Amino acid sequence: MSTPAAAEQVPLTVMDNQDGELIEEMMRAVEMVARSGAFTGGPFVEQFEDDFARYTEVEHAVGVASGTEALALLLRALGVAGADEVIVPANSFIATAEAVVLAGARPRFADVDEDTQLVTAATVAEAWTPAVGGVIPVHLFGRTVELDELLELARSRGAWMVEDCAQAHGARHRGRRAGTVGDAAAFSFYPAKNLGAWGDAGAVVTDRADLADRVRLLRAHGERPRYRHGLIGTTARLDAIQAAILARKLPRLERWNAARRRVAAALRSGLEGCTGISVPPPAAAHGDHVYHQFVLRSPNRDRLRDHLSGHGVATAIHYPVPIHGSPAFAHLRGGDDPAPVATRLARQICSLPIFPSMSEGEVARVVDAVREFSAIEHARRAA
Ligand SMILES: *Cc1c(COP(=O)(O)O)cnc(C)c1O
């Protein structure tokens, strides 16, 4: 039975279960791991680590259990401790701040630039205190942060910089891959990311051998050699099955990112001149955007979402509550809002569908629905 196209939803994203050919190939990878018995560590993990290091143009990649573990272990490897503060954006996924707490330190929330929705050297400098040991810029939605001034600021204050690349696999900044500008970077391969596993997975990348080695120790109980434990670690290894799947998907990542950019360009041109709606800022001249999300801004965001939902277009909010406003971090709240721009953005942002296989027809349906909303709002204001 076929449903008329107009009645079908345009989903926010499409997962691997929609791609029969990919499933077939991945199942062969899963079977190879199963038959080999090398479920943790071993050749599949090492192969993916080598491939991902080469792809990211970095010396070391260390596979770990998730993006959150990648951040937390990296912070521990950097020697972050109790009295330290770490600057994170107020408008990231909560994991960026959580990892700071998991490593035993305290997050400080930097506000973001109104246009790019990203931290800048200026917003980070404003959040700085003498206790700050480092900063974690997030290439949120896939758009690269302005890293030059930020790194200069960190270096001038003797601090480290770790890039949160969980939404920016394959992006470039001045020709270099995101994740290679600071001391190290954390990647997530959560299934919905630009490069996703079939469960939880992550990686740390760095040119610093000392950090890579320490993360390798921490992810597996500080063990070296077997049953000799030099430090307190945890269980946070990358599964071999996930590694085998990721190694087979990695060669497709450039193509998938290019497709995301094409979809973004089509959405952008389709929405040109749409009153009352702002499209996301394109990449900076020396930066990049891999469009993990395509985020609109509208003062009537909730009505926009209702309208799109009524026209079969899925939307989401990334994120409805800025991290510093969430109950989990209530204990850190003082008097004034440290990130008023992030707080305001959270009430106005709306993520549209974007995924590599999005068709021209699906793009047109999204564009038409947003344009219709804009026209209705315009008429309402004129009345
Ligand atoms: C997904 C994500 C993480 C955490 O990754 P997990 O693999 O889900 O633990 C961290 N930071 C950002 C910006 C993310 O989007």
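The model is predicted. Helices H3 and H4 pack with their axes 8 Å apart, and strand E8 is joined by bridges to E5 and to E9. Helix H8 has 8 of its 10 residues buried, so it is largely enclosed by the rest of the structure.

**Packing of H3 and H4**

- Helix H3 spans residues 67-77 and helix H4 spans residues 95-102; the two pack at an angle of about 40 degrees, with 8 Å between their axes.
- Angles from 65 to 115 degrees count as roughly perpendicular and those under 35 degrees as roughly parallel; H3 and H4 are therefore oblique to each other.
- The crossing of these two helices, H3 and H4, is right-handed.
- On the H3 side, the contact is made by Thr-68, Leu-71, Ala-72 and Leu-75.
- H4 contributes Ala-95, Thr-96, Glu-98, Ala-99, Val-100 and Leu-102 to this contact.
- By class, the residues of the contact of H3 with H4 comprise 7 nonpolar, 2 polar and 1 charged.

- Strand E8 covers residues 184-188 and is mostly covered, with 5 of its 5 residues buried.
- Both faces of E8 are covered: one side carries the buried residues Ala-184, Ala-186 and Ser-188, and the other carries Ala-185 and Phe-187, also buried.
- Strand E5 (residues 160-164) runs parallel to E8, and 3 bridges join them.
- Strand E9 (residues 202-206) runs antiparallel to E8, and the two are joined by 4 bridges.
- Opposite Phe-187 stands Ala-203 of E9.

**Burial of helix H7**

- Helix H7 comprises residues 209-218, and its buried residues include Leu-211, Ala-212, Val-215, Leu-217 and Leu-218.
- The cover over the buried residues of H7 includes strand E1 (60-64) and helix H3, together with strands E8 and E9.

**Burial of helix H8**

- Helix H8 runs over residues 240-249; 8 of these 10 residues are buried, so the helix is largely enclosed by the rest of the structure.
- The buried residues of H8 are Ala-240, Gln-242, Ala-243, Ala-244, Ile-245, Leu-246, Ala-247 and Lys-249.

Conventions. Residues are numbered from 1 along each chain as its sequence is written. This is a predicted model: local features need pLDDT of at least 70, side-chain atom pairs count only at pLDDT 80 or more; totals for chains, interfaces and linings use all residues. Side-chain values use heavy atoms; hydrogens and water are left out. Axes are lines fitted to C-alpha atoms, for helices over the stretch in contact, and angles run from 0 to 180 degrees between N-to-C directions. Angles under 35 degrees count as roughly parallel, over 145 as roughly antiparallel, 65 to 115 as roughly perpendicular and the rest as oblique. A crossing is left-handed if the near helix is turned anticlockwise from the far one by less than a right angle, and right-handed if clockwise. Contact means heavy atoms within 4.5 Å. Ala, Val, Leu, Ile, Met, Phe, Trp, Tyr, Cys and Pro count as nonpolar, Asp, Glu, Lys and Arg as charged, and the others, Gly among them, as polar. Buried means under 20% relative accessible area, exposed over 50%, partly exposed in between (1.4 Å probe, protein chains only). Two strands pair if DSSP finds at least two bridges between them.
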